[in-house]
Amino acid sequence: MKKKIFNAMGLMTGTSMDGIDLSIIQSDGYSKFTPILNNYCEFDTELQQKLTDLRNKIFTSKDLLKFSSELDIVEKDFTLFNCKFIDKILRNFDDPLDIIGLHGQTIFHNSNEKISKQLGDGKLLSQLTKKIVVNNFRQEDLINGGQGAPLVPIFHKLIANQLYKKSKINFPLNIINIGGITNITQVLAHNDLNHLNDLSFCAYDIGPGNCLIDEWIRNNTKKKFDFNGEIAESGKINDLILNQAIENFNFESFNKSLDVKDFDTSFVRGLSLEDGCATLTKFSANLIAKGIENINDLNNCSPSKNLICGGGRKNSFLIKCINEEIVKTKNINKIENIDKYNFDGDYIESQAFALLAIRTFLKLPISFPSTTRCNSPTIGGMINKNF
């Protein structure tokens, strides 16, 4: 039987808290995927400050209760901002939109406590847009013993299938997303999303991405990030501090999901803006390279490609540092930009949450024991139809 092709929108707001990535795709939720539209909307200064201040107040689940009133207010502001952006996009989109996947803004994530809080009111957004909205993607996975992250791997798997067919890229293949946190999806074999199993793909959080660099820049300048890695490249890496930080960092297990609050910049305190940025970039690069090496060893494989997506791929100094670390290890290919293969690396995550919304609506799993360590394939997401 022919499967329905959905027009789905995905909205992604990352740890940088700079704005919203929006994508519209066409997909059946299984094997077909066509990107239709990608766009970005920067937060206004007031909303960004509210989001940043709120996240900085919440370190424990008790803080979620303590600041519940403020959470509700900021969540409404955030939801209305998303709604205005959606309305602007849909004014110029002729085809009917079937469904919206709203990731929301992560404020707190703790897999041990089975809590992951993303701002974004699905019911309100559904009411205002008159569309089906899927949100709260992580909770069911946490309830089912998973880490609640990473959730994008199933979309990485779909991309890998297309890379295999269109660009003749063989398996195994690594797709590495460098956002606030870096995660890796290792696709081991070709099979479509109708026949997924733990032997075909796996995924892990492997270290910081942009989070330490962004925090350092925000705390020491009026800028939001290190454009193209220019500040870091102008500085000098403090090898003594770097080596101590690497030695002292304890990575318990790649089976655990990571949060930006698992890392901090305290070890470079006292360094100049440029030297601190350079040292943090090298530290992040070292953990990413080690993560790739460890995942390859874990599955005893040598992937044909290491393709990167996410905002971190634009930091040329970070990429240079990762490749410098990678060449120290045998049988690891240098990382390449996924844009080289006609995928827009800025919008992989927003496209992914459009796919996840479709799969949730179809009652298909979005996370798996091999990707989040859940007990069984899990249908995640909350479906809101409030119109």
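Visitor: Is Glu42 buried, partly exposed or exposed?

Guide: The model before us is predicted, and its values are computed. A residue counts as buried under 20% relative accessible area and as exposed over 50%, with partly exposed in between. For Glu42 the relative accessible area is 45%, so Glu42 is partly exposed.

Visitor: With which residue does the side chain of Glu42 meet in a salt bridge?

Guide: Side chains of opposite charge can pair when their charged atoms come close. Here the distance from N to O is 2.6 Å, and the partner of Glu42 is Lys224. The two lie 182 residues apart, with Glu42 in strand S3 and its partner in the loop between helix H7 and helix H8.

Visitor: How many residues apart are Glu46 and Lys50 in helix H1?

Guide: Glu46 forms a salt bridge with Lys50, and their closest N and O atoms are 3.6 Å apart. Glu46 counts as exposed at 55% relative accessibility, whereas Lys50 counts as partly exposed at 29%. An α-helix has 3.6 residues a turn, so residues three or four places apart point the same way. Glu46 and Lys50 are separated by about one helical turn because their spacing in helix H1 is 4 residues.

Visitor: How many salt bridges does the structure hold?

Guide: A further example joins the side chains of Arg91 and Asp87, at 3.1 Å from N to O. Salt bridges that share partners also join Lys282, Glu324, Glu325 and Lys328 into one network. For the structure, the number of salt bridges is 15.

Visitor: Is Asn296 buried or exposed?

Guide: Asn296 is placed in helix H10, which spans residues 273-298. Beyond its neighbours within four places in sequence, Asn296 is in contact with Asn174, Gln186, Cys301, Pro303 and Ile332. Its relative accessibility is 4%, and therefore Asn296 is buried.

Visitor: What is the length of the polar contact that joins the side chains of Asn296 and Asn174?

Guide: Asn174 is among the residues in contact with Asn296. Their side chains are joined by a polar contact of 3.2 Å.

Visitor: What is the relative accessibility of Leu119?

Guide: Leu119 belongs to strand S5, residues 115-119. Aside from neighbours within four places in sequence, its contacts include Leu51, Leu54, Leu71, Val74 and Phe78. Leu119 counts as buried because its relative accessibility is 0%.

Visitor: Which elements are included in what covers the buried residues of H7?

Guide: The buried residues of H7 are Cys211, Leu212, Ile213, Asp214, Trp216 and Ile217. Their cover includes strand S8, strand S9, H8 and H10.

Visitor: Which strand gives the most to the lining of the largest cavity?

Guide: Rolling a probe the size of a water molecule over the atoms shows where empty space is left. A search of the whole structure finds 1 cavity of 30 Å³ or more, and the largest cavity has a volume of about 60 Å³. Its lining divides into 3 nonpolar, 4 polar and 3 charged residues. With 5 residues, the element that gives the most to this lining is strand S4.

Visitor: Which residue is joined to Pro150 by a cis peptide bond?

Guide: Pro150 is placed in the loop between helix H5 and helix H6. Most residues other than glycine have a negative phi, and most peptide bonds are trans. The bond in question is cis, with omega about -10°, and the partner of Pro150 is Ala149.

Visitor: What is omega near in the peptide bond from Phe171 to Pro172?

Guide: Pro172 is located in the loop between H6 and strand S7. The peptide bond from Phe171 to Pro172 is cis, and its omega is near 0°.

Visitor: What is the phi of Asn342, a residue that is not a glycine?

Guide: Asn342 is found in the loop between strand S11 and helix H12. Asn342 is exposed because its relative accessible area is 75%. Its phi is positive, at about 70°.

Visitor: What value is the phi of Asn300 near?

Guide: Asn300 is found in the loop between H10 and strand S10. At 72% relative accessibility, Asn300 counts as exposed. Asn300 is a residue other than glycine with a positive phi, near 50°.

Note on methods
Residues are numbered from 1 along each chain as its sequence is written. This is a predicted model: local features need pLDDT of at least 70, side-chain atom pairs count only at pLDDT 80 or more; totals for chains, interfaces and linings use all residues. Side-chain values use heavy atoms; hydrogens and water are left out. Buried means under 20% relative accessible area, exposed over 50%, partly exposed in between (1.4 Å probe, protein chains only). A polar contact is a pair of N or O atoms within 3.5 Å; within protein, one must be able to donate a hydrogen and the other to accept it, and residues adjacent in sequence count only if both atoms are side-chain atoms. Contact means heavy atoms within 4.5 Å. A salt bridge is a side-chain nitrogen of Lys or Arg within 4 Å of a carboxyl oxygen of Asp or Glu. On a 1 Å grid over the protein atoms alone, a cavity is a set of points where a 1.4 Å probe fits but cannot get out, and a pocket is an open set with protein on both sides within 12 Å along at least five of seven lines; lining residues have an atom within 4 Å of a point. Grid points are joined across faces, edges and corners, and a volume is the space filled by probe spheres set on the points. Ala, Val, Leu, Ile, Met, Phe, Trp, Tyr, Cys and Pro count as nonpolar, Asp, Glu, Lys and Arg as charged, and the others, Gly among them, as polar.
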